[in-house]
Amino acid sequence: MAEATTAPQGGQTAPAPDDTDAAQRIKPPKLHPLLRFILIRIGISIILIWGVTVVTFLLTNLVPTDPVAAILGDRAAADPEIVAQTRAKLGLDQPLIVQYFTYLGNLLQGDLGVSNQTRTPVLASIGQVFPASIELGIGAILISVILGLLLGLLSALKQNTIVDHAIRTLSLIGISAPTFWIATVAYFVFFFRLRVVPGAGRLDPWITPPPKVTGLYTVDSLLAGQMATFTNALGHLILPSCVLALFTIGLLTRFSRSSVLDIIRFDYVTAAKAKGLPSRTVVFKYIFRGALVPIITVVGLAFGSLLSGAVLTETVFAWNGLGQYAYRGATTLDLPVIMGVGLVIGVVYILVNFIVDLIYGFVDPRVRVR
Amino acid sequence: MRRLTRNFVAICSTLALTAGLAACGSGSDEAGGAGDTIVAETAFNLKTIDPHRQFEFTGSTIDNAVYQTALEFEDGDLTKPTDGLCSFEMSDDSKEMTLTLKDEDAKFSNGDPVTVDDIVFSFERLQGIKGNPSFFLDGVSVEKVDDETVKLISKDPNPALPYILPNASIGIVNSKVVKENEGTTDEDDGAEQFLNENSQGSGPYKVEKYDADSQVVLTANEHYNGPEPKYKRVVLRNVSAETQLTDIQSGQAQVAYDLNSDQAKQIDESMGKISSLPSTRSLYIFNNTDEKTGGPAADPDFRKAVMAAIDYDKLIDLAGEGSQRMASLVPNEFVGAVSKDEAPERDLAKAKKLLKKAGYDGEKVPFHYSSDQAVNGVDLAQLAETLQAQLKEADINLDLKPAPSSTQLDGFRSAKQPMGIGTWGADFPDPTNYNVFIPGGSVAERVNWNEDPQLKKLANEAAKAKGDERDSAYAKLFKATTDTAVWIPLVQPVDTVAVGSSITKFVSNADVSFDFAKAE
């Protein structure tokens with residue numbers, strides 16, 4: 001044991017007193033634990049992404065219906081010759097396993113197929129709608145992180161007071177209220193009655209979108225120096241972002257409250273208070289920073305769920321993002337679209353998990369040696 | 001801690017201020033004005049706007065504004081096709097139609113004149129690419145006679161042809177440009193994507209931006225030879241019915257297509273107007289005639305009992321003001337419609353008597369319908385539940401089988417459903433469009449109804465009838481069809497278009513629903 005621990009690191013070995021000892025000492029160079037940790041996580045992510053392709057492919061192929069009829073429509077589907085031609089053209093006459101490998105092969109070349117309904121490449125359409133969801137997701141995550149953390153902190157610091165009870169009740173409502181209902185009511189109240197926000201859509205209908213750079217209208221309009229378009233885009237973003245953020249605000253409030261309450265009991269916090277440090281320093285430097293680490297996970301996962309869960313919000317606010325695209329694909333039985341969106345959302349989740357794992361790995365050395 | 005609370009309030013105030021500023025900054029210098037733009041909203045049902053491939057409501061709405069057709073329905077009178085780009089004449093045997101180019105000043109959006117060659121190419125492309133609307137010109141050959149005349153020759157008598165040609169799917173395209181962009185008259189045609197983004201029509205508008213998922217923008221065609229449209233731009237947006245209601249009430253949109261009767265009632269005169277027209281769609285119950293599949297529904301007495309057990313007045317209430325009773329599947333405004341007076345009536349005693357005769361003892365009958373579909377504002381799930389409650393009063397037990405429309409349609413198409421709700425939208429306003437419901441027709445096959453000598457005889461007589469006799473011959477055929485109760489007509493819904501108060505004059509008709517070019 002002592003010999004092993006004194007052996008030089010970095011793949012260099014000391015001269016051996018005899019062959020047996022040398023054989024014992026020569027070991028493959030050890031990877032740095034952090035690098036090993038990252039490589040393992042990359043490996044797991046790749047396997048997970050492959051798993052997502054299998055699941056989305058199988059699920060969409062298990063739907064008890066014929067996509068060819070949906071593609072062709074009633075009239076053209078009445079002609080067996082056209083049906084057979086279309087089936088062959090789409091490769092649907094091949095065995096399932098062949099179809100899967102064709103799908104996977106195309107996928108590896110960046111080809112997600114073509115929408116059966118609109119004949120537009122799925123990747124191009126996702127590229128078109130993804131920035132809209134990202135913009136909405138970023139808006140929602142910013143609002144929910146700021147409000148969720150602050151409300152959670154306030155609730156913990158005012159534990160068992162009326163403020164605490166009020167915040168806890170509000171967070172419960174945020175978590176449990178149906179998004180579709182909230183969205184409809186919010187649109188009616190804030191747009192129709194109070195007129196404090198503009199109507200549905202990402203911009204007023206008579207405004208031409210800014211030249212595409214990132215696809216985020218707020219960013220692109222700033223880059224193009226179009227301030228009026230920027231304020232219009234920002235105005236359109238606020239209400240849907242707030243609605244979408246409600247669930248995450250509730251979640252983060254509860255999570256950060258309990259996290260802060262855990263930290264508050266630690267000795268170093270008591271010591272800081274005893275030293276007579278100003279309360280703001282104690283709260284933000286000692287309590288809040290300590291409580292922040294486990295919250296990273298919730299924020300990361302919340303971003304993934306915001307992207308995939310925006311279907312109803314996007315529908316109410318006519319927000320042409322990934323959610324609305326997915327809804328349209330599902331209702332028209334557009335299998336390439338369903339598989340494409342499923343894959344993208346799966347990959348986003350896996351990537352977010354991967355990044356969260358990495359942050360954990362960096363922050364907490366115990367994680368990477370497990 | 002007090003300072004912390006103050007900080008929190010400050011952050012919240014900043015957020016609220018940003019929101020307020022952004023909201024106030026909606027008017028924009030880059031924006032141009034809203035004054036010359038019509039914003040129309042509908043829940044998109046859009047695959048393409050290539051006129052010869054489109055067959056859905058949204059595509060048709062757009063193509064009506066972009067493409068002119070050889071014939072038209074003036075003021076939406078669906079009983080009388082009139083001249084469009086061409087005048088027409090039918091031969092006595094209804095096998096030959098002569099079209100003469102009438103509108104010689106018509107120009108495509110790039111300034112090219114509309115020629116007979118464009119008309120011939122458009123007809124042949126529609127036929128050759130074998131898309132969903134290709135059936136319109138099945139069995140018809142197209143022949144250019146000279147630079148002013150085209151002949152359409154049908155194998156069999158085709159009196160429906162004048163009713164078919166006004167369809168937006170038979171829009172006339174600029175053949176030269178389409179051919180240059182992979183357009184052909186066979187299945188190798190590759191011009192769809194080009195036509196989606198670069199419309200090639202001679203109508204009042206052309207396509208500025210096409211996005212099948214979110215919105216389509218049209219701008220005025222400067223070469224249009226008709227009256228210049230007041231609104232130079234049309235933005236057609238994909239918006240849910242709930243949001244459409246709020247948008248039309250607030251003036252955010254000027255046209256909303258998908259409001260149901262309850263939503264339409266919420267619009268008062270200060271917000272807008274409701275234009276209601278009879279829909280060209282029919283809602284009906286189908287009964288499978290095959291004993292193995294249909295079970296009780298295959299028994300004619302059971303079917304007639306169902307017909308007698310329905311409370312049709314309540315269905316009219318459900319479908320809203322302007323909806324109508326139907327005595328057959330043919331809408332009341334069409335040639336060949338059976339008079340509303342002959343529509344089935346509720347008679348519970350008769351229903352119970354018929355059930356006894358059929359030997360039905362209350363077993364559950366699977367009843368299929370699309371749970372995600374509304375037809376002219378009539379929610380099919382709500383309709384199914386209403387029917388279940390009504391039939392229960394006659395001791396008929398429906399076992400509701402909701403499914404998404406794509407799955408439900410699959411089951412219906414494969415003739416595997418015993419009973420359920422069907423919908424039919426007229427492809428063209430002529431009774432021959434309903435021949436598919438006669439034994440041997442493509443829809444009749446879905447309920448395994450292949451033979452009925454009496455109906456076959458009536459169908460032959462109707463096919464031979466001419467002039468005014470045609471109307472009564474088809475009415476006789478479809479009345480006899482209803483009497484079998486294989487199809488039970490439920491209601492003809494109403495086509496509702498909500499028009500915002502900023503529009504003072506508009507034309508809304510059964511043909512094009514809302515005419516953007518004529519709005520003021």
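Me: In which hand does α3(A) pass α6(A)?
Reply: The model is a predicted one. In it, the axes of helix α3 (residues 33-62) of chain A and helix α6 (residues 96-108) of chain A come within 11 Å. The crossing that α3(A) makes as it passes α6(A) is right-handed.

Me: Is α3(A) roughly parallel, roughly perpendicular, roughly antiparallel or oblique to α6(A)?
Reply: The two axes cross at roughly 135°. Angles over 145 degrees count as roughly antiparallel and 65 to 115 as roughly perpendicular, so this one falls in the remaining class. The term for α3(A) against α6(A) is therefore oblique.

Me: How many nonpolar, polar and charged residues are in the contact of α3(A) with α6(A)?
Reply: From α3(A) come A:W50, A:T53, A:V54, A:T56, A:F57, A:L58 and A:N61. The α6(A) side supplies A:L96, A:Q99, A:Y100, A:Y103, A:L104 and A:L107. By class, the contact has nine nonpolar, four polar and no charged residues.

Me: How is α11(B) placed relative to α13(B), roughly parallel or roughly antiparallel?
Reply: Helix α11 (residues 312-319) of chain B and helix α13 (residues 380-392) of chain B have axes that come within 11 Å and cross at roughly 160°. Angles over 145 degrees count as roughly antiparallel. That angle therefore makes α11(B), relative to α13(B), roughly antiparallel.

Me: What is the division by class of the residues in the contact of α11(B) with α13(B)?
Reply: On the α11(B) side are B:K314, B:L315 and B:L318. They meet B:Q382, B:L383, B:T386, B:L387 and B:Q390 in α13(B). The division is four nonpolar, three polar and one charged.

Me: Which residues of α15(A) make the contact with α7(A)?
Reply: Helix α7 (residues 122-157) of chain A packs with α15(A) at an angle of about 135°, the axes being 7 Å apart. That angle makes α7(A) oblique to α15(A). A:V122, A:S125, A:I126, A:V129, A:F130 and A:S133 of α7(A) are in contact with these residues of α15(A): A:L322, A:G323 and A:Y325.

Me: What is the volume of the largest cavity?
Reply: Searching the whole structure turns up five cavities of 30 Å³ or more. The lining of the largest cavity includes A:S115, A:Q117, A:T118 and, from chain B, B:D213. The volume of this largest cavity is about 80 Å³.

Me: Which helix gives the largest share of the lining of the largest cavity?
Reply: The lining divides into two nonpolar, six polar and three charged residues. Among the lining residues are A:Y325, A:R328 and A:G329. The largest share is three residues, and it comes from helix α15 (residues 322-331) of chain A.

Key:
Residues numbered from 1 in each chain as written. Chains lettered and ligands numbered in written order. Predicted model: local features only at pLDDT ≥ 70, side-chain atom pairs only at ≥ 80, totals over all residues. Heavy atoms only, no water. 1 Å grid on protein atoms, 1.4 Å probe; cavity = no way out; pocket = protein on both sides within 12 Å on 5 of 7 lines; lining within 4 Å. Points joined across faces, edges and corners; volume = space filled by probe spheres on them. Helix = DSSP H or I, 4+ residues; strand = E, 2+ residues; numbered from the N terminus. Nonpolar A, V, L, I, M, F, W, Y, C, P; charged D, E, K, R; others polar. Axes fitted to C-alpha atoms, helices over the stretch in contact; angles between N-to-C directions. Parallel < 35°, antiparallel > 145°, perpendicular 65-115°, else oblique. Left-handed = near helix turned anticlockwise from the far one by under 90°. Contact = heavy atoms within 4.5 Å.
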